[in-house]
Amino acid sequence: TPFHILLLYFPFSLLSDPQLARALYTLILELALFALALLSLRLTDWEVPRYFSVLFLFFCVFNFYAFQAIMEASPVLLLGLIYAGILFALRAEQDELAGALMAVSLYYWEVGGPFLFLVVWWAYRERRSRVFAGLGMITFALLAVSFLVYPNWLIPFFRAGMNNLRADFGFSTHEIFFHLFPFQNGIYAWIFIGILIIALGYEWNAALTSDYRRFYWAACLSLAAAPLLGFRSEMEHLSVLIIPFALIFAVVHDRWSSIGNWFTPLLLLIIFSVPWVLFFFALPLFGEITKEIIFLFLPSITVVGLYWI
């Protein structure tokens with residue numbers, strides 16, 4: 001995390017008890033998860049049936065990936081809320097707010113890199129210059145304070161970034177495909193990533209020449225595709241996919257209205273259950289490969305779902 005954004009976490013250091021600091025921080029993450037679920041539903045413009053609102057909140061709070069994020073006290077839940085806030089602000093034409101939110105989300109690139117790139121490109125093409133004004137003002141203020149507090153933070157930050165790239169942690173598409181197809185020398189992974197990059201490029205270009213709804217869909221696709229692009233990522237990072245899942249459930253319910261009242265909850269139940277079933281029943285039998293399948297499951301099913309709708 002760059003030091004100028006790390007400043008936002010410094011109030012927790014004022015607490016002398018680290019367990020209390022972690023408890024308060026985790027409480028904030030839980031509230032952020034709840035707000036992320038509500039804001040994701042708001043983004044869809046869907047008149048949500050009350051029963052499904054309760055089911056969706058349950059899905060968001062207790063799904064396998066959000067549970068991992070809470071256990072690890074991962075800031076990705078805050079990032080998910082910020083990403084949803086950016087989309088909401090852009091739709092409401094609150095461009096300075098969207099830019100300010102972007103300014104505090106410029107880290108964890110393996111989670112939101114493609115999404116933020118699309119937002120910047122779309123704002124540039126739409127001549128929404130106030131987005132860049134908000135981004136620039138907040139970034140400048142944070143950088144000015146950070147260099148006053150710690151003038152030489154850039155060198156250790158870059159060193160930590162390089163070490164992070166070399167570190168063997170989490171999951172990556174290359175590693176998963178190597179374990180699934182050990183005799184193909186990773187060629188399937190490169191083919192898969194190549195197809196995904198081409199698809200993203202095509203959809204981004206289409207989003208730039210269409211309405212906000214298409215941009216919103218492309219932003220959801222960018223979040224879903226990010227864990228599959230080959231960069232190392234963690235299981236808890238997938239909790240941001242609550243945003244595209246809200247869109248999927250909304251469209252499924254409205255498009256197939258005759259069966260939506262029972263089919264949408266069934267779809268939600270299946271997506272909720274599969275990772276937990278694999279974790280409790282397949283993991284003891286098959287070991288590490290099960291974790292990789294659990295990681296691959298959610299972004300893959302999200303991409304399929306977005307194209308399905």
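**Helix α4**

I looked up which residues of helix α4 (residues 64-72) are buried, and found Phe64, Tyr65, Ala66, Gln68, Ala69 and Ile70. Buried means under 20% relative accessible area, exposed over 50%, and partly exposed in between (1.4 Å probe, protein chains only). Helices (H or I, at least four residues) and strands (E, at least two) are DSSP runs, numbered from the N terminus.

I then examined the ends of α4. Asparagine 63 caps the N-terminal end, with a side-chain oxygen 3.0 Å from the backbone nitrogen of tyrosine 65. A polar contact is a pair of N or O atoms within 3.5 Å; within protein, one must be able to donate a hydrogen and the other to accept it, and residues adjacent in sequence count only if both atoms are side-chain atoms. Alanine 73 follows α4 and has a positive phi, near 50°.

**Basis of the model**

I note that this is a predicted model, in which local features need pLDDT of at least 70 and side-chain atom pairs count only at pLDDT 80 or more, while totals for chains, interfaces and linings use all residues. Residues are numbered from 1 along each chain as its sequence is written, and side-chain values use heavy atoms, with hydrogens and water left out.

**Serine 239**

I located serine 239 in the loop between α12 (212-225) and α13 (242-255). Serine 239 counts as buried because its relative accessibility is 3%. A polar atom of its side chain lies 2.8 Å from the backbone oxygen of glutamate 236. Leaving aside residues up to four places away in sequence, I found that serine 239 touches Leu36, Tyr65, Ala66, Ala69, Val76 and Leu77; contact means heavy atoms within 4.5 Å. Among these partners, Tyr65, Ala66 and Ala69 are buried residues of α4.

**Nonpolar patch**

I recorded a nonpolar surface patch of about 760 Å², made by Leu180, Phe181, Ile187, Tyr188, Trp190, Ile191, Ile195 and Ile293. Accessible areas come from the Shrake-Rupley method with a 1.4 Å probe; for residues, only the protein chains shown count as cover. Helix α11 (residues 187-208) gives the most to the patch, with five residues. Leucine 180 belongs to helix α10 (residues 173-180) and is partly exposed, at 33% relative accessible area.

**Whole protein**

I counted 15 helices and zero strands. Of the 309 residues, 49% count as buried.

Notes: Patch = residues over 30% accessible without salt bridge, like charges linked within 9 Å, V, L, I, M, F, W, Y side chains within 5 Å. Salt bridge = Lys/Arg side-chain N within 4 Å of Asp/Glu carboxyl O.
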